[in-house]
Amino acid sequence: MLHFECDYTKGAHPAVLENLCADNLSSHPGYGSDVHCSRAAELILDECGLADGRVFFLSGGTQTNATVIDALLRPWQGVVCADSGHIAVHEAGAVEASGHKVITIASDDGKVSACSLRKMLESFYSDSTWPHMVIPGMVFLSHPTELGSLYSVRELKEISGICRQYSLPLYIDGARLIYGLASDETDVDLKAMAGIADVFYIGGTKAGCLFGEAIVCRNADLLPEFFTLIKQHGALLAKGWLLGLQFEALFTDGLYRAIGRNAIDMAMKLKEGFLSNGYRLHVDSPTNQQFVILPNEVVDRLMPDVGFSIWGERGERETIVRFVTDWSTRDEDVSALIAML
């Protein structure tokens, strides 16, 4: 069976697992107050070029989004995101369950545009009844987006400028950030991300960790008493050093960059394989997610031997499907899939 259904089908990168095994019988204080979490935070802040930033380690993406958004918003505020945004579609209402509305903006490519954001905010405040409404309190982006599209530094700065104008924190979901930064078509790096976003997170679950996400905040005042809120959300891992050990490995000797590059190389080979066999792309993604339109007979023929995702509803004759590569994808796996086409 070939697995292209998501970027977390494997356990952990060998270097991450080795770091965990080497430390397995050591004892540490709990809740992230250990030397490995401290060291991992130092490595991450150094990569981000932040001298005074803060790093917090959580276990999963949904709990990270729900906890950060709850911390950034007041009770009467909501979070603005693309209508295809993860928090609006695929997190089972986790943000709403914490008492905050998700305010969506229409998007064709998965991205929030500065123009649409400005128009939405201008329209909101031009309505004299706005005090009766849920007030936009922050902006949520994903990089890459749910459709594998990427923001440029210019686009992020334009959105950030509007956020500053309206005093809205900018938060960026980085579950697949590793694959956005490794793309050939990006000018965004960790330093740029840290200089633009008020808060973002570096995904580990989809980047070679067993589990774990690293929240990066360049202004600690934005997340007051965040440790306590993490615990209130059930997101505080007692054995916090297990998170620190994994990110310590990811940010040692350039591993994070190297394994991200592998996913992109494999995704581009896969894309070329689809195109050379005459299939059409749903979107032309420069990341590890590839969206292809396949005849239903091809979908049915591949299903017994290949893991992939049906994207949306199955069509009458053809269907949009998603194939995902990751840090562990092998060249021979991609070649085998292309041969099946």
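In this predicted model, Ser285 lies in the loop that joins β9 (280-283) to β10 (289-295). Ser285 has a relative accessible area of 1%, and because buried means under 20%, this residue counts as buried. Its side chain reaches the backbone oxygen of Gln289 at 2.9 Å. Leaving aside residues up to four places away in sequence, Ser285 touches Leu147, Gly148, Met268, Lys271 and Gln290.

Met193 stands 150 residues from Leu43 along the chain, and the C-alpha atoms of the two are separated by 16 Å.

The two residues are set side by side below.

| Residue | Location | Relative accessibility |
|---|---|---|
| Ser285 | loop between β9 (280-283) and β10 (289-295) | 1% |

Two packed helices are described by the angle between their axes and the distance between the axes. Helix α1 (residues 14-22) packs with helix α11 (residues 241-250) at an angle of about 135°, and their axes are 8 Å apart. The angle therefore makes α1 oblique to α11. The crossing of these helices, α1 and α11, is right-handed. On the α1 side, the contact is made by Ala15, Val16, Asn19 and Leu20; α11 contributes Leu242, Leu245, Gln246, Glu248, Ala249 and Leu250. Seven residues of this contact are nonpolar, two are polar and one is charged.

Terms used
Residues are numbered from 1 along each chain as its sequence is written. This is a predicted model: local features need pLDDT of at least 70, side-chain atom pairs count only at pLDDT 80 or more; totals for chains, interfaces and linings use all residues. Side-chain values use heavy atoms; hydrogens and water are left out. Helices (H or I, at least four residues) and strands (E, at least two) are DSSP runs, numbered from the N terminus. Buried means under 20% relative accessible area, exposed over 50%, partly exposed in between (1.4 Å probe, protein chains only). A polar contact is a pair of N or O atoms within 3.5 Å; within protein, one must be able to donate a hydrogen and the other to accept it, and residues adjacent in sequence count only if both atoms are side-chain atoms. Contact means heavy atoms within 4.5 Å. Axes are lines fitted to C-alpha atoms, for helices over the stretch in contact, and angles run from 0 to 180 degrees between N-to-C directions. Angles under 35 degrees count as roughly parallel, over 145 as roughly antiparallel, 65 to 115 as roughly perpendicular and the rest as oblique. A crossing is left-handed if the near helix is turned anticlockwise from the far one by less than a right angle, and right-handed if clockwise. Ala, Val, Leu, Ile, Met, Phe, Trp, Tyr, Cys and Pro count as nonpolar, Asp, Glu, Lys and Arg as charged, and the others, Gly among them, as polar.
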